[in-house]
Amino acid sequence: MDENTLFAIRNLFYSGNYNQVVADTTSSKTRTSANQATAHQLDLFLFRSLIATKDYARVAQEITESHGLGLQALKAQAVYLDAVQSADSAGRDAALAHLRELLQVHSPDDPQPEVTALEVKVVVGQVLASEGLVEEALTVLLPHNNHLESVAVVVQIYLQMNRVDLAKKEVEACKSWAEDAMLAQLMEAWVGLRVGGGDRYQNAYYIYEEIATSSTSPTVKSLVGEAACNIQMGQYSEAHGILQEALSKEPTNTDAIVNLIVLSTLMSKPTEDISALVQQLQSVAPNHSYLQDLDLKSSLFDRAAQRFAVA
């Protein structure tokens with residue numbers, strides 16, 4: 001298998017075309033022509049795509065102790081996400097502890113220990129960031145030594161911390177050695193959406209539009225990106241149509257649902273329509289951060305309202 005095939009699989013993954021990645025990485029034609037190092041890369045994108053489609057059970061079942069540390073980290077991530085989804089706090093804590101332990105494990109038979117360490121760090125950094133442990137996550141990921149996926153997680157963490165200045169700095173530095181990479185372009189779109197301004201919103205839209213048109217059918221991920229840009233540019237009708245298309249492809253996609261809730265509020269849609277969307281989100285992701293924030297804001301509002309209640 002040539003490098004172009006692996007490049008195509010990598011871009012399919014970054015664009016959110018996970019089912020196609022699963023199909024391509026498991027095809028006999030691809031596997032037959034792959035050497036050991038390439039086969040490992042195929043496994044990484046296969047199991048990461050399965051995680052993205054929430055097929056946690058398959059990941060946990062197919063990755064065994066005979067696999068390398070990079071894949072062991074993905075298995076632990078799948079176990080962690082499954083525990084989060086099922087509100088299993090004990091399983092969640094155990095998986096997080098195991099991921100931390102993997103940072104200290106080194107295999108004497110590993111031909112590329114530095115590459116493996118980066119694979120593990122990216123997964124652990126993602127999980128720590130999702131737990132809100134951003135400082136620990138940055139300690140794990142930095143220095144990233146120009147490892148593109150590490151940079152992407154670092155940029156996401158900086159945006160999570162509202163350190164847009166540091167995120168911009170990472171993206172600008174990245175352009176000097178990975179400007180044409182799809183992941184680098186996505187990072188530019190993320191930062192552009194946070195920095196704001198007409199030109200930045202438009203540029204972010206063009207990035208998502210280009211990614212959407214790079215395959216035969218736009219993915220839900222690229223559609224949600226386009227919709228977010230349209231929302232920021234005040235093009236609500238266009239955003240609404242795009243989100244409807246995204247949900248027709250994947251009715252349980254939480255990013256699309258949350259964006260549609262926000263958009264429906266901005267468009268002054270009927271309260272019952274917005275409530276139905278919130279209920280839809282609750283049914284597919286009861287522990288979603290949007291719902292937790294909504295509960296917190298509702299609680300604060302009720303508490304404030306009590307101060308003005310008539311005795």
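**Helix pairs and cores in a predicted model**

I start with a helix pair: Val 220, Leu 223, Val 224, Glu 226, Ala 227, Asn 230 and Ile 231 of α14 meet Tyr 236, Glu 238, Ala 239, Ile 242, Leu 243, Glu 245, Ala 246 and Lys 249 of α15. Contact means heavy atoms within 4.5 Å, and helices are DSSP runs of H or I, at least four residues, numbered from the N terminus. The residues of this contact divide into 10 nonpolar, one polar and four charged; Ala, Val, Leu, Ile, Met, Phe, Trp, Tyr, Cys and Pro count as nonpolar, Asp, Glu, Lys and Arg as charged, and the others, Gly among them, as polar.

This is a predicted model: local features need pLDDT of at least 70, side-chain atom pairs count only at pLDDT 80 or more, and totals for chains, interfaces and linings use all residues. Residues are numbered from 1 along each chain as its sequence is written, and side-chain values use heavy atoms, with hydrogens and water left out.

Next, the cores. The largest nonpolar core has 73 residues, and Val 155, Met 187 and Trp 190 have the most contacts inside it. Such a core is a set of buried Ala, Val, Leu, Ile, Met, Phe, Trp, Tyr and Cys residues joined through side-chain atoms within 4.5 Å, buried being under 20% relative accessible area with a 1.4 Å probe, protein chains only. Another core, of 22 residues, lies apart from it and includes Leu 243 and Ile 274.

Last, α8: its Lys 121, Val 122, Gly 125, Leu 128 and Ala 129 meet Glu 136, Ala 137, Val 140 and Leu 141 in α9. That contact divides into six nonpolar, one polar and two charged residues.

Terms used
Helices (H or I, at least four residues) and strands (E, at least two) are DSSP runs, numbered from the N terminus. Buried means under 20% relative accessible area, exposed over 50%, partly exposed in between (1.4 Å probe, protein chains only).
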